[in-house]
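Let's take a walk through this model together, going from strand pairings to the residues packed inside. Keep the structure open beside you as you read.

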Amino acid sequence: MMIMYCKFLRKDVNMLKKYSYVLKNLDCAVCAAKIENEIKKNKAFSNVKVNFNTLKLTFEADNNKNIQKQVTEIIKKIEPEVEVLDVNETITTDNKTKTALFRLVIAIVLALISSYVKLPKIISETILIIAYILLLSRTVKNAFKLFKSSHNIDENFLITISCIGAYLVGEHMEGLMVIVLYEIGKILEEKAVNKTRKSINDLMNIKPEYANVLKDEEIKVSPDEVEIGSIIIVKKGEKIPIDGVVTLGNSMVDTSSLTGESIPTQIEEGSKVLSGSINLGNVIQIKTTATYENSTVSKILELVENATDKKAKSETLASNFAKVYTPIVIILAIVVAIFMPMVTNVTYSQSIYKALTFLVISCPCAIAISVPLSYFSGIGRASKSGILIKGSNYLSGLKDLRQIIFDKTGTITTGTFDLYAINVIDEKYTKDDIKRYIAYGERLSTHPLAKSILSVLSDVKDNKKITNFKDHTGLGVSYELNNKKIKIGNSEFVETNSKSENYGTVIYLKIDNDIVGNIVMRDKIKKDTKKIIKEMHRLGITTKMFTGDNKEVAYEVARETGIDEIEAELLPNDKYKKLEQLINKRDPKNKVAFVGDGINDSPVLTLADIGVSMGGVGSAAAIEASDVVIMTDELSKILEAIKISKKTEHIIKQNLIFAIGTKILVLVLSIIGVSNMWQAIFADVGVTLITILNTLRILKKR
């Protein structure tokens with residue numbers, strides 16, 4: 001999923017603008033889906049998303065001053081109590097819960113008086129009716145508003161009918177207890193959902209609240225107001241608000257909120273620092289290199305917040321099930337009420353009671369809430385470990401990985417090369433000449449290897465003016481100097497069959513038509529790679545490596561790490577074709593991942609079922625093209641992501657089996673006369689509460 005910014009698209013003479021609002025008092029996942037579908041029906045709005053996990057509504061529309069009013073009118077028809085607030089508006093805590101508790105306590109006291117205090121029947125009945133009115137006031141009001149505005153019915157209407165129906169068939173106390181338990185369940189459900197949201201927000205509590213900008217004096221401002229190139233001061237214990245470069249001071253920073261790593265990082269003048277990190281030591285000055293909107297912390301928060309917009313298959317199935325479940329149960333209730341006395345010995349009073357029990361169970365909240373909330377929790381949990389997963393579908397897909405293809409440099413290896421050997425082939429040139437010519441070309445190259453080559457050839461000081469420089473992707477570079485045509489690259493590029501005696505990455509130097517020498521670079525394999533590959537094999541995952549390096553180097557790396565198969569000397573286009581062949585041959589149920597870090601990996605990262613980029617050293621293009629970003633360069637994070645995926649899916653299955661199983665069981669038992677409305681209300685709000693609490697387990701780190 002590409003990170004979404006406020007974007008503008010031309011539409012006739014107007015522009016489409018992205019809007020974002022907070023939906024206060026939205027406490028039902030089914031209602032969130034209804035709101036989204038209703039707004040989508042209006043052609044004035046596009047890309048409509050209602051995220052129940054974050055209570056946010058986003059859409060694109062023409063620039064219109066009355067847009068908030070238009071959206072509010074649509075929403076009020078479905079959910080009268082929902083308020084549409086600006087994202088920057090402070091949400092005040094109201095007394096809804098306190099009021100609900102007060103009504104509940106008063107009603108229970110009245111019910112107890114009616115049941116256990118000896119009073120004239122008329123007074124006892126009156127007190128009981130008052131208790132009913134107190135408890136049903138909220139549900140009746142909401143049901144009436146909804147029906148009046150859109151002629152739809154929801155759980156408020158169904159609970160109201162069930163309670164009144166129970167009273168009319170003589171089950172006075174049972175009807176009262178249904179609404180009592182329903183109200184208690186809704187209060188607990190709201191608290192449980194809020195607790196889950198708070199737990200995820202605590203995990204992602206990385207947003208800096210302010211920035212200390214240094215102008216004529218130090219000024220505290222919002223990070224949104226800081227421009228690129230500003231000098232900001234970060235004191236001990238403060239969060240770095242914006243990405244930048246340290247211009248004064250040295251310190252230690254805690255990057256655990258970004259990478260999941262607890263070990264502090266040393267920074268000094270010239271060090272790049274990321275927003276969201278915490279300064280643990282001395283005061284430092286930073287020159288900003290981005291706006292807050294484009295800084296790391298902002299991108300992470302937006303990515304995580306929008307990740308559940310890309311729904312997993314099980315989430316879509318649950319949503320579709322929720323749409324048909326309520327109508328089916330209502331139809332069954334009508335059938336039971338009308339036809340059961342015709343084919344059995346039960347009376348109409350009994351069949352109506354059974355039908356009312358069906359209505360109590362007809363809300364699919366447990367299914368509609370727990371599935372998306374589980375994925376949101378899984379994505380939040382992964383983010384805390386420095387693993388950014390860009391959609392519920394990718395989180396779900398990680399558990400189905402059966403093949404992982406790795407790039408070599410910067411993925412299996414550290415990407416840091418050491419100079420192993422300088423070989424002179426043409427005696428007219430010296431080792432210093434070879435180093436110098438290679439350094440001239442690599443200074444302008446964009447290949448990741450060029451930086452390592454230059455770091456070991458740092459003693460080459462003079463900088464001749466070269467002409468006709470060309471960067472040949474995946475092969476090497478060419479240029480002209482003093483009327484000499486020079487090529488630097490692999491054996492294919494310089495057209496030679498000669499092989500180096502040394503194992504490593506060989507960079508050949510060709511001047512005019514002659515191979516005059518080469519340098520041999522050796523890359524370091526990342527720590528614990530062999531152990532990680534072995535664990536992947538244990539999970540039934542086949543490992544492969546696609547690399548542009550020569551076969552000798554590739555086979556040596558595979559031998560040391562235990563990788564199953566290799567494809568060497570591949571150009572970016574070759575990697576794409578090889579991966580395409582694998583995807584076409586594999587079972588559609590089994591996913592294929594590609595793990596890379598360079599700009600040349602972007603096409604294959606996009607093609608793979610799940611593209612994983614190593615975010616710490618990865619290029620911006622690779623990170624943008626990938627579906628999972630590892631903020632550190634640790635391969636072990638892939639295993640952790642798979643474990644989070646499996647745990648999330650396991651809990652989703654538990655919730656679905658428990659919720660659906662309990663509802664069906666209570667429905668069956670109510671038909672045969674074993675269960676009553678008490679069990680029905682448990683199958684509704686009780687099950688919802690339990691599934692939400694079970695979802696919280698995803699956030700716990702083993």
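Leu481 stands opposite Lys484 in strand S20. In this predicted model, that pair belongs to a stretch where strand S19 (residues 476–481) and strand S20 (residues 484–489) run antiparallel, joined by 6 bridges. Step back and you will find S19 and S20 inside an open sheet of 6 strands, ordered S17-S22-S21-S20-S19-S18 with antiparallel pairing. At its edges stand strand S17 (413–424) and strand S18 (467–472); each has a single partner strand, so one side of each is left without a neighbour in the sheet. From one strand to the next, the twist averages 15°.

Another open sheet of 6 strands is worth a visit: its order is S7-S6-S8-S14-S9-S12, and its pairing is antiparallel too. Here the edge strands are S7 (218–221) and S12 (272–273), which pair on one side only.

Now turn to Ser251, which is found in strand S10 (residues 251–254). Is Ser251 buried or exposed? Its relative accessible area is 4%, and because buried means under 20%, Ser251 counts as buried. Its side chain makes a polar contact of 2.5 Å with the side chain of Asn279. Beyond residues up to four places away in sequence, Ser251 also touches a set of others, including Thr265, Ile267, Leu280 and Ile284.

Next come the helices. Helix H11 (residues 365–384) has 20 residues and reaches 28 Å from its first C-alpha to its last, close to the 28 Å expected at 1.5 Å a residue. Of these 20 residues, 19 are buried, so H11 is largely enclosed by the rest of the structure. After H11 comes Gly386, with a positive phi near 80°.

Finally, let's go to the largest nonpolar core, which has 44 residues. Which of them touch the most other members? They are Ile389, Leu401, Ile404, Phe406, Met536 and Ile638. Helix H22 (residues 636–671) supplies the largest share of this core, with 8 residues. A second, separate core has 42 residues, among them Tyr182, Met340, Val360 and Val685.

Definitions and conventions: Residues are numbered from 1 along each chain as its sequence is written. This is a predicted model: local features need pLDDT of at least 70, side-chain atom pairs count only at pLDDT 80 or more; totals for chains, interfaces and linings use all residues. Side-chain values use heavy atoms; hydrogens and water are left out. A nonpolar core is a set of buried Ala, Val, Leu, Ile, Met, Phe, Trp, Tyr and Cys residues joined through side-chain atoms within 4.5 Å. Buried means under 20% relative accessible area, exposed over 50%, partly exposed in between (1.4 Å probe, protein chains only). Helices (H or I, at least four residues) and strands (E, at least two) are DSSP runs, numbered from the N terminus. Two strands pair if DSSP finds at least two bridges between them. The expected span of a helix is 1.5 Å times one less than its number of residues. A polar contact is a pair of N or O atoms within 3.5 Å; within protein, one must be able to donate a hydrogen and the other to accept it, and residues adjacent in sequence count only if both atoms are side-chain atoms. Contact means heavy atoms within 4.5 Å. Axes are lines fitted to C-alpha atoms, for helices over the stretch in contact, and angles run from 0 to 180 degrees between N-to-C directions.
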